[in-house]
Amino acid sequence: MAEEVRKVPLKPILAWEETRPPRRNSPQKSPQQQQELCVPQPFHADSPSPGNASCFMGPDSQEKDTLDYINAFLKGNEQEEAKKLEFLDRVITISRAALTRHPEQNLAAFLCKALLVEKIKELIDLESVDSLTSRVRQQAMLAIMELSKVKPLLRGTELSSLLTVCFSSVFSLPPAETNQGVEAALYNNTLNTMDELLKALVCEDEKPNLGVLQNIVEVLLPWTASKEVHVRLRAVGRITWLTKFISGQHKFKGVEEFRVLGQLVGCLTLCSAEQEQEICRSAMEGLHHLYAFMLWQKRTTLAKQSAEYLQVFREWRAENSFWVTWFTNTSNIAMMFGKYFNPSERMDFLLTAIEGMRDTSVHDSVAARHMLHVILWVPSPSLERVSEAVTSIYHNLDSISEPLAQQQLLKALVVLGNQYSEEVVTTLLGCSLSCDSVAVEMWRVLTSHPKTAGKVLRELLDRLQERPLRQHHDVSQQEAGVAPLAVGKLQHQLPVIVEQLHEADRDVISNAITVLRDILAGMDRQSASPVAVRVAEKLLPFFHDESSKLRVLSLTLFKHLLELVRGTSRRKMKEHVLRSLVPLLLLLHDERPNVSQVCWDTLRSAVEFLRWSQLSAHVQKKELWRGCDCLVACYKERAETFLCQAMAFVENPQAPIREAAIRFLGLTARQLDQQSQEKLEAICNVLKGLQQDSKSSVRCLALQTTLILKACKKHRPARASLQTLLHRMRLMHTRENPVIEAAQLCE
């Protein structure tokens with residue numbers, strides 16, 4: 001590796017034997033100062049407890065001198081390098097003394113270990129990162145290595161904080177190639193000492209502790225994403241060193257605590273795709289050692305000579321021979337590790353891939369995209385912590401500009417939504433309270449994909465219908481209604497839900513309409529009014545849907561929308577109401593009483609909304625054809641629109657609706673001007689097709705209407721009322737033999 005020259009691990013340099021300054025007599029201490037030092041008696045088999053400590057006497061005066069020096073240094077603010085090295089030398093000495101005299105005892109018998117660690121951290125932190133001329137870093141890490149062997153052991157935040165300072169001090173140094181001579185040797189020695197320190201921290205009682213290893217790795221991983229190449233190289237190098245060490249071990253402590261494997265593999269996979277060859281090679285080697293470690297763990301859980309055991313063994317042998325080739329492709333890496341990951345490790349790998357796709361990431365977004373794609377399709381029983389993935393997608397989507405990476409991220413969301421719709425919906429509701437563009441896009445993708453739309457909308461409906469908790473058993477069991485908190489949250493998702501009214505899946509549409517109904521019911525009028533206008537436009541095509549359930553749902557919601565519209569939204573809504581009149585007038589003939597009744601109710605609300613007294617009078621008296629005549633006469637300019645709407649009903653499965661559509665076509669066609677002859681011909685062609693209808697009444701009416709329209713073409717009046725048209729039809733029955741013959745044939 002260009003960054004360093006790896007040698008056989010050096011024996012720690014005993015700095016106190018090389019540079020120890022002349023001994024100084026300890027200054028005379030006052031009784032109060034002696035009490036503050038709290039120097040206990042030396043270790044013996046029958047040593048009293050630390051609480052009964054007393055000062056050193058006689059043959060232990062050298063140790064007392066060491067403790068005095070350490071205590072004085074802890075209280076002072078020494079800046080001389082020689083004195084810092086002396087302090088570290090004495091810390092090493094006292095740590096070894098504590099371990100040698102009575103291993104079961106801890107350092108508290110001598111000094112407070114936490115104070116020593118904090119002071120050593122301070123010394124490391126004060127070292128310059130612009131150059132490496134001092135041995136303080138190396139000596140400090142040697143002191144930590146000795147301290148780590150005596151109790152209380154370094155753990156948790158204390159260890160993490162110490163490691164952060166060490167890594168920051170060493171990794172931030174200038175690139176190794178800038179060092180020459182003594183400085184280069186000092187750099188290599190410092191880095192080797194760090195590796196030995198990490199090994200000492202991991203290895204306890206000759207057994208590596210994976211819990212400690214995880215602690216170290218968690219501190220190392222952020223450095224692998226540094227903007228500086230030499231920093232990433234140093235971090236990856238330390239990880240590779242550790243993975244090589246554990247891959248050769250067969251006895252571990254704290255195996256159940258090693259929960260960082262997925263994230264670790266993910267980071268090394270990203271690093272293996274780097275252009276910097278030294279980082280790439282180091283990461284590949286680390287992956288090789290991790291794979292061997294993982295397969296070994298897998299083998300320990302399997303019965304020897306079982307088929308699965310032998311398969312794992314064969315893969316281990318093959319990987320051991322061809323790993324250099326195998327680990328050059330990120331998709332291969334994801335596939336190899338993915339099939340052995342547990343659900344949590346798989347999720348960590350996925351989250352790492354998402355982070356690697358960000359524009360600010362130093363890693364290759366293409367490699368991260370391939371990682372994400374493969375890990376989602378690797379056969380696996382399940383995923384854990386799905387909410388973390390949804391949250392990560394939400395926070396990172398806007399920070400990923402590469403189109404294919406964005407597309408892959410949204411595909412991942414669809415996969416998660418299909419398999420874990422409940423967790424995805426619940427999490428996304430929590431993320432999208434602000435209704436930003438990212439949340440809207442995620443909802444749009446989830447509800448526009450055929451595989452996920454139905455599931456997601458059903459989950460939304462479930463959230464709406466959640467009942468508040470009852471505190472007493474005697475509370476009424478009637479429907480509790482929509483939970484106010486849920487009514488969002490879903491309000492912000494209305495645009496997305498409206499979009500789903502184009503879906504082909506009738507269940508999806510029904511769910512969407514139901515969700516919209518409940519959301520709108522919980523909104524105030526001012527907020528609901530503009531939304532109602534948008535929803536009304538989407539509902540019109542479903543008035544004549546083949547599903548009676550969907551017809552009733554859409555008609556009912558449309559009626560409800562009319563009651564919500566206020567203010568300036570009325571003008572926009574008027575257009576949708578006018579477009580609804582023809583479908584409503586024709587659907588009044590629906591054979592299903594529930595549909596017919598809903599149509600009557602909705603038609604009354606529509607006429608009231610328009611404030612049209614003449615039409616309202618006909619509707620109230622159920623004078624349908626007088627109402628149709630009134631509509632057509634008042635809106636002659638809409639004749640072509642009315643005809644197009646009516647033609648959509650001529651193929652309705654119900655004969656009464658087809659008949660009503662034919663009558664309306666004949667009534668409306670007379671309003672066409674001379675420039676609409678092509679439209680009239682199209683209507684006649686449609687009616688000609690209906691002359692082959694299965695119902696005789698439909699056949700007869702289609703033929704009669706065709707003849708009437710042809711007659712209208714020859715003698716087009718300026719205006720004809722319904723009575724005039726009916727009178728003309730009666731005359732045609734007596735004067736036009738073809739009509740009489742057609743009527744006879746229809747019987």
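This is a predicted model: local features need pLDDT of at least 70, side-chain atom pairs count only at pLDDT 80 or more; totals for chains, interfaces and linings use all residues.

Biologist: At what angle do the axes of α5 and α6 cross?

Modeller: Roughly 160°, and the axes come within 10 Å. Helix α5 is residues 113–126 and helix α6 is residues 136–147. Helices here are DSSP runs (H or I, at least four residues), numbered from the N terminus. Axes are lines fitted to C-alpha atoms over the stretch in contact, with angles from 0 to 180 degrees between N-to-C directions. So α5 is roughly antiparallel to α6 (an angle over 145 degrees).

Biologist: Which residues of α5 and α6 make the contact?

Modeller: From α5, they are K113, L116, V117, I120, L123 and I124. From α6, they are V136, A140, A143, I144 and L147. Contact means heavy atoms within 4.5 Å. By class, there are 10 nonpolar, no polar and one charged residues. Ala, Val, Leu, Ile, Met, Phe, Trp, Tyr, Cys and Pro count as nonpolar, Asp, Glu, Lys and Arg as charged, and the others, Gly among them, as polar.

Biologist: And how do α6 and α7 run, then?

Modeller: They are roughly antiparallel to each other. Their axes cross at roughly 155° and come within 11 Å; α7 is residues 156–171. R137, M141 and I144 of α6 meet L162, C166, S169 and V170 of α7. That contact has five nonpolar, one polar and one charged residues.

Biologist: New topic. Is R369 buried or exposed?

Modeller: Buried, at a relative accessible area of 14%. Buried means under 20% (1.4 Å probe, protein chains only). R369 sits in helix α16, residues 365–377. Leaving aside neighbours within four places in sequence, R369 contacts M357, E402, L404, A405 and Q408.

Biologist: What about V414, buried or exposed?

Modeller: V414 counts as buried too, at 11% relative accessibility. V414 is in helix α18, residues 403–419. V414 and M442 are 28 residues apart in sequence and 9.1 Å apart in space, C-alpha to C-alpha. Not counting residues up to four places away in sequence, V414 touches V445, L446, H449 and T452.

Terms used:
Residues are numbered from 1 along each chain as its sequence is written. Side-chain values use heavy atoms; hydrogens and water are left out. Helices (H or I, at least four residues) and strands (E, at least two) are DSSP runs, numbered from the N terminus. Angles under 35 degrees count as roughly parallel, over 145 as roughly antiparallel, 65 to 115 as roughly perpendicular and the rest as oblique. Buried means under 20% relative accessible area, exposed over 50%, partly exposed in between (1.4 Å probe, protein chains only).
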